[in-house]
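Subject: Structure handover

Hi,

Here is the structure we talked about. My notes on it follow below.

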Amino acid sequence: MRIGVITFPGSLDDVDAARAVRLAGGEPVALWHADHDLKDVDAVVLPGGFSYGDYLRAGAIAARSPLMQDVVTAAHGGMPVLGICNGFQVLCEAGLLPGALTRNSHLHFRNRDQLLRVERADTAWTSDYADGQEILIPVKNGEGRYVAADAGLDRLEGEGRVVFRYVGGNPNGSSRDIAGVTSENGRVVGLMPHPEHAVEDLTGPSTDGLGFFTSVLKAVVAA
Amino acid sequence: MSRVVVDVVLKPEISDPQGQAVLGALGRLGHDSVRSVRQGKHFVLEVDGTPDEAELKQIAETLLANPVIEDVELHLPKD
């Protein structure tokens, strides 16, 4: 199972994401933002970091890169796509996920281990969790406040597209404690916290993040 | 060559913590008459020939601003 990990100029967590894919039993495939080549991958991860130094808006310039045009086309065809932190910002800027991520309400960069509640265990990236399960994974961002117009938020909640909510304190002022959302078909997921940093006891607060990368292997087989 | 200016600000319903921090600083400096501050971005584009309004509108609305959270104002040169 080939899982692509895109590197943009300024990506930081691409190596950790590839490692998480490997620990879950997948084959990580390095993808470069400037190529028009998805290398026949079955799914794609957009990693965390500061693509283009967060210039203009976080994720805005990366969202217009050559490879992202191919990712958008493939996502519309049902390919699973996961955006983590800066990757989530890129997916919102690319129009694959609704809403936007803006400066944290308290203006501080926040870096801590964070409890999340899984609200949807039937997406391509969350099937190995249970509805309502709480998981502990790191969060680290300065522009992670999820916002959208109230009507848009109501529609998202009505359609069950909130996948994760912050539990035990909201680290960035996100509307309605939203930590992650999904596309209408449940194949594209974005979240601010970092599951790829919680895949081994030695380096993470838990191994709760591994389920993202094992879930998608099943989603690809089922497709 | 013409000069085109694009101003981008957060929509009124999106809270602006940076603007609020500036407002707080103004209060501490004794500028009590300032009621509100909204921080935004100001782009100056130099364009060959006569600016194409439709193209510049597209640039402003699809790259310079994110219409989910921001309003945009395009200022074309006056004849």
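Helix 3 of chain A is mostly covered: eight of its eight residues are buried. This is a predicted model, so please read every value below as computed from it. The buried residues of the helix are Asn86(A), Gly87(A), Phe88(A), Gln89(A), Val90(A), Leu91(A), Cys92(A) and Glu93(A). Just after the helix comes Gly95(A), with a positive phi of about 80 degrees.

Take Gln89(A), which sits in helix 3 of chain A, residues 86–93. Its relative accessible area is 6%. The cut-off for buried is under 20%, so Gln89(A) counts as buried. What does Gln89(A) touch, leaving aside its neighbours within four places in sequence? The contacts are Asp54(A), Ala58(A), Gly59(A), Leu101(A), Glu143(A) and Met192(A).

Glu93(A), another of the buried residues of helix 3 of chain A, is touched by Arg57(A). That brings us to the chain B side.

Arg57(A) lies in the loop between strand 3 and helix 2 of chain A. Buried or exposed? Arg57(A) is buried, at 8% relative accessible area. Its side chain reaches across to chain B: the backbone oxygen of Leu64(B) is at 2.9 Å. Residues up to four places away in sequence aside, Arg57(A) touches Arg64(A) and Glu93(A) in chain A. In chain B it touches Lys41(B), Leu63(B), Leu64(B), Ala65(B), Asn66(B) and Glu70(B).

Leu64(B) is also one of the buried residues of helix 2 of chain B, residues 53–64. The face turned away from the buried side carries the exposed residues Ala54(B) and Gln58(B). The N-terminal end of helix 2 of chain B is capped by Asp52(B). A side-chain oxygen of Asp52(B) lies 3.0 Å from the backbone nitrogen of Ala54(B).

How far to trust chain B? Its average pLDDT is 95, and 99% of the residues score at least 70. Confidence in chain B is lowest in helix 1 (residues 17–28), at a mean of 95. It is highest in strand 2 of chain B, at 97.

Back to chain A, and its strands. In a regular strand the side chains alternate between the two faces of the sheet. Strand 4 of chain A covers residues 81–84. Val81(A) and Gly83(A) point one way from it, and Leu82(A) and Ile84(A) the other way. All four are buried.

Which strands of chain A are joined to strand 4 by bridges? Strand 3 (residues 43–46) is joined to strand 4 by three bridges, and the two run parallel. Here Val44(A) has Val81(A) as its bridge partner. Between these strands the chain passes through helix 2 of chain A (residues 66–76), and this β-α-β crossover is right-handed. Strand 11 (residues 188–191) is joined to strand 4 by four bridges, also in parallel. There the bridge partner of Leu82(A) is Val189(A).

Some loop residues deserve a look too.

- Tyr52(A) is in the loop between strand 3 and helix 2 of chain A. Its phi is near 50 degrees, a positive value in a residue other than glycine. Tyr52(A) is partly exposed, with a relative accessible area of 28%.
- Asp177(A) lies in the loop between strand 9 (162–167) and strand 10 (178–182) of chain A. Asp177(A) is not a glycine, yet has a positive phi of about 60 degrees. At 33% relative accessibility, Asp177(A) counts as partly exposed.
- Gly173(A) is in the loop between strand 9 and strand 10 of chain A. Gly173(A) is partly exposed, at 32% relative accessibility. Gly173(A) and Arg145(A) are 28 residues apart along the chain, but their C-alpha atoms are separated by 5.4 Å. Not counting residues up to four places away in sequence, Gly173(A) touches Ser105(A) and Arg145(A).

Best wishes

Key: Residues numbered from 1 in each chain as written. Chains lettered and ligands numbered in written order. Heavy atoms only, no water. Buried < 20%, exposed > 50% of the residue type's maximum accessible area, 1.4 Å probe, protein only. Pairing = 2+ DSSP bridges. Right-handed = clockwise from strand over helix to strand, strands pointing away. Polar contact = N/O pair within 3.5 Å; in protein donor to acceptor, adjacent residues only side chain to side chain. Contact = heavy atoms within 4.5 Å. pLDDT = per-residue confidence, 0-100.
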